Amino acid sequence: MSDAASRVSPQVLLLTPWDWHLSHTAKAFAARGALAGLWMSTRDRAGLPAGKYRRCWPFHLAMRPFYSFAPQIWIEKTLYAASPIWKLWLRSQQRPPFNVAQAIMGFATEPFDYADEVGALKVLDAPTSHPVLFAGFWQRECDLWCPGEKLPIPRWMFARMNRETERADLILCPSEFVLNSMLMNGIPASKCFLNPYGVNTGIFRPRQILPATPRFVCVATIRVLKGHQYLFRAFQLVKQAVPNAELICVGGYKCDFRKEKPKWDGTFTHILSLTHPKLAELLQTCTALVLPSTQEGLARVIPEAMGAGLPIIASYESGATTLVADGVEGFIVRPRDPRHIAEAMIKVATDNELNRRMGEAAYRRGAVRNTWQDYGDRLLTEYETRLNRHTATA
């Protein structure tokens with residue numbers, strides 16, 4: 001038998017009660033015949049082949065009243081409180097043949113149990129940094145800007161996350177920031193795989209002209225973890241130098257921003273939410289994306305804005321350095337330094353040639369060969385390598 005014929009091909013079972021980015025991952029895997037199944041509670045946005053998608057209806061029905069009527073903080077708290085429903089549903093399901101189990105951090109314990117039963121590869125999908133760093137950075141910002149506010153994620157969930165990072169065979173890191181956070185907390189480099197999120201280039205296309213009025217956009221839930229308290233102070237400085245500059249923020253408010261909110265109402269244009277096609281239209285009209293997050297995995301709007309040909313002004317902690325070199329595709333800024341953020345914003349607002357050059361570079365780096373299919377293909381190559389390395393040494 002030839003080496004090619006004897007090689008093991010990945011069959012990946014994706015499990016998550018929430019979508020995150022796994023619909024994109026599942027669609028990419030399905031296109032290569034590598035999807036064993038996608039199990040989650042939200043609807044099938046990927047249009048998967050029959051038999052490849054299972055919906056956890058009990059979890060969805062438990063969460064449904066909160067989607068429409070509850071503040072986001074209660075949606076998040078309910079997500080964790082309803083996790084026993086997810087676990088019970090998982091136990092009731094007949095599992096298809098698979099050799100890779102991939103799950104979002106915090107919801108990987110049961111999938112890892114299933115993987116151990118059949119000797120499958122255990123893959124932890126980390127949408128944010130190591131839980132120790134994640135919790136510390138978030139609580140610090142709460143202590144500074146909303147004293148008394150506590151994290152909505154319960155301690156038992158952080159404990160699960162910690163155990164899962166130790167137990168995983170492979171941890172998917174969407175950014176250098178996430179990768180380094182794992183290494184700083186003792187996770188071996190051999191367990192980490194750096195793979196930035198892709199972009200739907202059918203929706204996000206490069207802008208054709210620069211806007212006549214400097215217009216900055218930030219797409220993120222307005223909260224202390226995303227650094228809006230620093231962005232708004234930076235924009236005050238920008239307005240002194242560029243009086244006609246505009247700032248548009250897309251996203252709802254988190255309750256940890258309640259003490260800051262009254263200071264900034266009316267100083268920017270607020271849009272609660274946008275569909276991806278509408279967001280793509282908005283990005284076409286903007287000068288740059290600004291995202292001074294104090295902690296993140298990789299903000300998916302970064303590759304989306306790069307697909308639209310926008311310069312990126314963002315922090316290392318947003319995950320941006322994975323795709324953005326300082327001074328090339330945009331500027332890497334210190335997230336808690338409003339003056340540093342403002343300086344970068346003023347540069348791209350007042351130098352059209354710089355703005356054009358950075359936007360074109362951003363498109364080449366963030367969108368070319370970085371679609372969601374490219375993202376999935378990079379994962380499958382890594383999975384195949386690890387599966388066959390294990391087979392060869394078994």
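Aromatic cluster and parallel sheet

Ring pairs link Phe 232, Tyr 253, Phe 257, Trp 264 and Phe 268 into a cluster, where rings of Phe, Tyr and Trp (its six-membered ring) pair if their centres lie within 6.5 Å, with planes under 30 degrees apart counted as stacked, over 60 as edge-to-face and the rest as tilted. This is a predicted model, in which local features need pLDDT of at least 70 and side-chain atom pairs pLDDT 80 or more, while totals for chains, interfaces and linings use all residues. Residues are numbered from 1 along each chain as its sequence is written, and side-chain values use heavy atoms, leaving out hydrogens and water.

The structure holds 18 aromatic pairs. One of them joins Trp 145 and Tyr 230 edge-to-face, at 5.5 Å centre to centre and with 85 degrees between the planes. Because Trp 145 lies in helix 7 (residues 131-145) and Tyr 230 in helix 10 (residues 228-241), this pair ties together parts that are 85 residues apart in sequence; helices (H or I, at least four residues) and strands (E, at least two) are DSSP runs, numbered from the N terminus. Both Trp 145 and Tyr 230 are buried, that is, under 20% relative accessible area, with exposed meaning over 50% and partly exposed in between (1.4 Å probe, protein chains only).

Elsewhere, seven strands form an open sheet in the order 3-2-1-4-5-6-7, with parallel pairing, two strands being paired if DSSP finds at least two bridges between them. Strand 3 (53-55) and strand 7 (192-194) are the edge strands, each pairing on one side only. Five bridges join strand 4 (residues 100-104) to strand 5 (residues 121-125), and Gln 102 stands opposite Val 123 in strand 5.
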